[in-house]
Amino acid sequence: MRLNCFSIYSPIIALFISTMSFAGQTVDILLINAHLLTMDAKLTQYPRGFIAIKGNEIVGLGPQAQAKQFSADKTLDLDGDLVLPGFINTHTHVSMTLFRSLGDDVNDRLHSYIFPLEKEFVSREMVYLGAELGNLEMLKGGVTTFADMYYFEDEVAKAVDQIGLRAVLGQTVIKYPQADAKNATEGIAYAESFIKKYLHHPRITPAFAPHAPYTNSTEDLQKIAKLALFYNVPVLTHLAESKKEQAEIAQRSDGLSPIAYLDKIGVLNNNLIGAHVILANENDITLLKTHHVGVAHNISANIKSAKGVAPIVEMLKQGVDVGLGTDGPMSGNTISLIDELNQVAKIHKLWNKDRSVMAAVDVIKMATIGGAKVLNLDDKVGSLEIGKLADIIVFDTKSPNMTPIYNPYSVLVYSAYATDVKHSIVDGQLLMENRKALTVDEHDVIKRANEFSEKVKASLISQGKSIL
């Protein structure tokens, strides 16, 4: 019987052809010679690895030896720099960057500074400019996704669209008259219109943002919860943040805590993201876990306002999804998230009188995949895995404060500065390269923000208020 030579060698030929085809795969961006912290379920690291990006997705990653399978339009040789998923800021008020550093040490800051300033200055123009400045700060500090609550949130969306970050944007609903709505009914209508407009945006997730349980009626909170489930969008709110809130809700609900009250009225669910959650007891934590409520932990804002330390260690033990947030730039002052890492690790060690709690790796988890879970985006972002969206940051490891590196998680938590972020990629697009923002004129934004600040200074001086 005669043997067909092709049949004998066809498996080898097929493998060769397949390999050659794969080797010739062209991608848009190739990161090589990187120290990858994937933040996947196994916390896989590649001390010398690569990532291949095509379109907005990660299509390859692994040891550096496998990078030869790809060719790219743009290749960045990172020479050992740290690469990880972009940080996720789960709670902020980004446009308030324009009021940063005012009233920082004043007891009644909310009523003496914030509310009067907002009443006078909040407008579409102010919100857009503040969002430009805040987006720029977050971009340069390694944040690729953020959750925001404010007024005229469609203006924040415009800034996000321009600069290129990913965001969950909540239109504020509150029972008091504001610049964009006279009451909660108008606020809900505004929010619903905003949600319809951005519901299918590739990088923007629109949301309802009832300010807090005590600043909205039971009926309005229930209405928002139903609408959020109908549109399948998040609900962002301040929750269990202060003793004032605790007392008012207890009076409204015959002694219930804010979390127990929300459970009773039927608005605790997987769509809800509670910011702060400082005053939470064991029963509250159980309710959060049972209803899969996400928690945005804002350590810097909480300790600066002297409100207390949230029981995050216990929440994590119970399996509650916890991410990190900065709160607004008048509360925590910086919104790049990197400053939160150090504070979270140290304060919880002190609070629990246990040096071993809140290990560095757990802090980085909260800043990445944990935040993604809180925002219900963990199927898309939060870890470096094939098929996930390419939201990636690169930390320069050549600075004195980043040298040497024994434990990369510890270096990021205890040693890194925002200025160590070298490159930022969101949705497969390079938004910052070698510290240069590519989608926005940084100097122009800062110039216009300083011009706005002169108006604020003049107003405060005319009222006899200190700006120091």
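A pocket is an open set of grid points with protein on both sides within 12 Å along at least five of seven lines, and its lining residues have an atom within 4 Å of a point. With that term in place, this briefing covers the pockets, cavities and nonpolar cores of a predicted model. The largest nonpolar core holds 118 residues.

**Second largest pocket**

- The second largest pocket is lined by 20 residues, and T205, N232, N376, L377 and K380 are the closest to its centre.
- Strands β8 (166–173) and β9 (204–210) each supply at least two residues of this lining.
- The largest share of the lining of the second largest pocket comes from β9, with 3 residues.
- Sorted by class, the lining of the second largest pocket consists of 11 nonpolar, 6 polar and 3 charged residues.

**Largest pocket**

- In the largest pocket, 43 residues form the lining, and R109, L110, I114, F115 and K307 lie nearest the centre.
- Two or more lining residues come from each of α2 (109–121), β7, α7 (243–252) and α10 (299–304).
- Helix α2 gives the most to the lining of the largest pocket, namely 7 residues.
- The lining of the largest pocket divides into 17 nonpolar, 13 polar and 13 charged residues.

**Cavities**

- The model has 3 cavities of 30 Å³ or more.
- By class, the lining of the largest cavity has 10 nonpolar and 2 polar residues, with no charged ones.

**Nonpolar cores**

- Within the largest nonpolar core, the residues that touch the most other members are F87, F146, F208, M315 and F395.
- Helix α3 (residues 124–140) provides the largest share of this core, 8 residues.
- Another core lies apart from the largest one and has 17 residues, including A34, L61, V83 and I392.
- Setting aside neighbours within four places in sequence, F87 contacts G141, G142, V143, T144, T145, L337, I338, L341, A367, T368, I393 and F395.

**Strand β6 and its partner**

- Strand β6 (residues 87–92) is largely enclosed by the rest of the structure, because 6 of its 6 residues are buried.
- Strands β6 and β7 (residues 143–150) pair in the parallel sense over 4 bridges.
- T92 has D148, in β7, as its bridge partner.

**Residue N135 in helix α3**

- N135 is found in helix α3.
- N135 counts as buried because its relative accessibility is 0%, and the cut-off for buried is under 20%.
- Not counting residues up to four places away in sequence, N135 touches V94, F146, A159, V160, I163 and L165.
- One of these contacts, F146, is also among the residues of the largest core that touch the most other members.

Definitions and conventions
Residues numbered from 1 in each chain as written. Predicted model: local features only at pLDDT ≥ 70, side-chain atom pairs only at ≥ 80, totals over all residues. Heavy atoms only, no water. Core = buried A, V, L, I, M, F, W, Y, C linked by side-chain atoms within 4.5 Å. Buried < 20%, exposed > 50% of the residue type's maximum accessible area, 1.4 Å probe, protein only. Contact = heavy atoms within 4.5 Å. Pairing = 2+ DSSP bridges. 1 Å grid on protein atoms, 1.4 Å probe; cavity = no way out; pocket = protein on both sides within 12 Å on 5 of 7 lines; lining within 4 Å. Points joined across faces, edges and corners; volume = space filled by probe spheres on them. Nonpolar A, V, L, I, M, F, W, Y, C, P; charged D, E, K, R; others polar.
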